[in-house]
Amino acid sequence: MSASAAPKTVTTYLRPIDRDGLMQFAEKGRCNPGSRGTNKVHTVVVGQYRTLSYVGDHAPVVVDEPLHLFGENTAPAPGEIVLSALGGCLAVGITAVATWKQVRLSRLELHLEGDIGNPAAWGAGGAEKKPEDMGFQEIRVAVTIEGDATREALDEIVRHANHFSPVANTMRNPVPFKIGLAD
C-alpha cells in the first residue's frame with residue numbers, strides 16, 4: 001500500500017461543554033468560596049422496596065431491591081444508584097477538568113464496583129453492627145479515557161477531578177446527617 005493510500009485515523013470527540021461558561025462559574029467560586037447550593041429529592045414508597053425519587057421536573061428515579069433481598073428487582077438497588085451518582089459526578093468532573101485544560105475527549109467510560117454487605121438486615125434484627133462497619137467498605141473505579149493528550153495528562157485530569165468531586169468527597173468524609181419525622 002502506498003503512503004498516499006494509507007488509511008486515515010478519524011477521531012470523533014465527545015460533545016463539549018461551554019468552556020467560557022465553565023470559566024465564569026469557576027470565577028464565581030473563587031470570589032465566593034463559601035457558596036453552596038441545595039439538592040432536593042422527594043422519595044415516595046410504592047410498595048415493598050420500590051421507591052420513586054422525584055428530582056425537579058425529571059422522570060422519577062426508580063429504586064428497588066433484588067429478589068433475594070425481598071424486592072421485585074424492577075430497578076437498580078440503592079447501592080447501585082449511589083455508585084451511579086458517583087460515576088456521574090466523576091464523569092462531570094473529568095469533563096470539566098479536561099475542558100479547563102483544553103483537552104478534547106474522544107472516549108470516557110467509568111466502571112464502578114463497591115463491596116457492600118447487609119448482615120444487619122437494615123437494622124431489622126440482623127447482626128449488630130456499628131455504622132462504620134456497614135455500607136460500602138471499598139469502592140473501585142476504573143476510568144477508560146481517550147483524548148488529545150498524553151496518558152500522563154489524562155491520568156492527572158482523572159486524579160484532579162477525583163480530588164474535587166463533591167460526591168466522591170461526600171463518600172470519603174463524614175457528613176453531618178439529620179433525620180426525623182416531617183412536620
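Okay, let's start with a pair of charges: E109 and R107 form a salt bridge, with the closest N and O atoms 3.3 Å apart. Keep in mind that this is a predicted model. E109 is partly exposed at 32% relative accessibility, and R107 is partly exposed as well, with a relative accessible area of 32%.

R107 has another partner. Which residue is that? It's E146, and in that salt bridge the closest N and O atoms are 3.3 Å apart. R107 sits in strand β4 and E146 in strand β5, so this pair ties together parts that are 39 residues apart in sequence. E146 is partly exposed too, at 36% relative accessibility. There's also a network: salt bridges with shared partners join E113, D115, E138 and R140.

Searching the whole structure turns up 10 salt bridges. One that I'd like to show you is R104 with D148, where the closest N and O atoms are 3.1 Å apart. That one links distant parts of the chain: R104 is in the loop between α2 and β4, D148 is in the loop between β5 and α3, and they are 44 residues apart. On accessibility, R104 comes out at 46%, which counts as partly exposed, and D148 at 37%, also partly exposed.

Now to helix α2. This helix covers residues 78-100, so that's 23 residues. How far does α2 reach from its first C-alpha to its last? The answer is 33 Å, close to the 33 Å expected at 1.5 Å a residue. Its buried residues include L83, L86, L90, I94 and V97, along with the glycines G79, G87 and G93. And what do those buried residues pack against? The list is α1 (19-31), β4 (105-115), β5, α3 (151-164) and α4 (166-172). After the helix comes Q102, and the phi of Q102 is positive, near 60°.

C89 is also among the buried residues of α2, which brings me to cysteines. A disulfide is a covalent bond between the sulfur atoms of two cysteines. How many disulfides do we count here? The count is 0.

Next, the surface. V82, I139, V141 and M171 make a nonpolar surface patch of about 250 Å². V141 belongs to strand β5, which spans residues 138-147. Is V141 buried or partly exposed? It's partly exposed: the relative accessible area of V141 is 35%, and the cut-off for buried is under 20%.

T51 is in strand β2, residues 50-54, and counts as buried at 13% relative accessibility. If you set aside the neighbours within four places in sequence, T51 is in contact with T43, V44, V45, V46, V61, V62 and V63. T170, on the other hand, is in helix α4 and counts as partly exposed at 47% relative accessibility.

Notes:
Residues are numbered from 1 along each chain as its sequence is written. This is a predicted model: local features need pLDDT of at least 70, side-chain atom pairs count only at pLDDT 80 or more; totals for chains, interfaces and linings use all residues. Side-chain values use heavy atoms; hydrogens and water are left out. Patches are made of residues with over 30% relative accessible area and no salt bridge: like charges are joined within 9 Å, nonpolar side chains (Val, Leu, Ile, Met, Phe, Trp, Tyr) within 5 Å. Accessible areas come from the Shrake-Rupley method with a 1.4 Å probe; for residues, only the protein chains shown count as cover. A salt bridge is a side-chain nitrogen of Lys or Arg within 4 Å of a carboxyl oxygen of Asp or Glu. Helices (H or I, at least four residues) and strands (E, at least two) are DSSP runs, numbered from the N terminus. Buried means under 20% relative accessible area, exposed over 50%, partly exposed in between (1.4 Å probe, protein chains only). A disulfide is a pair of cysteine sulfur atoms within 2.5 Å. The expected span of a helix is 1.5 Å times one less than its number of residues. Contact means heavy atoms within 4.5 Å.
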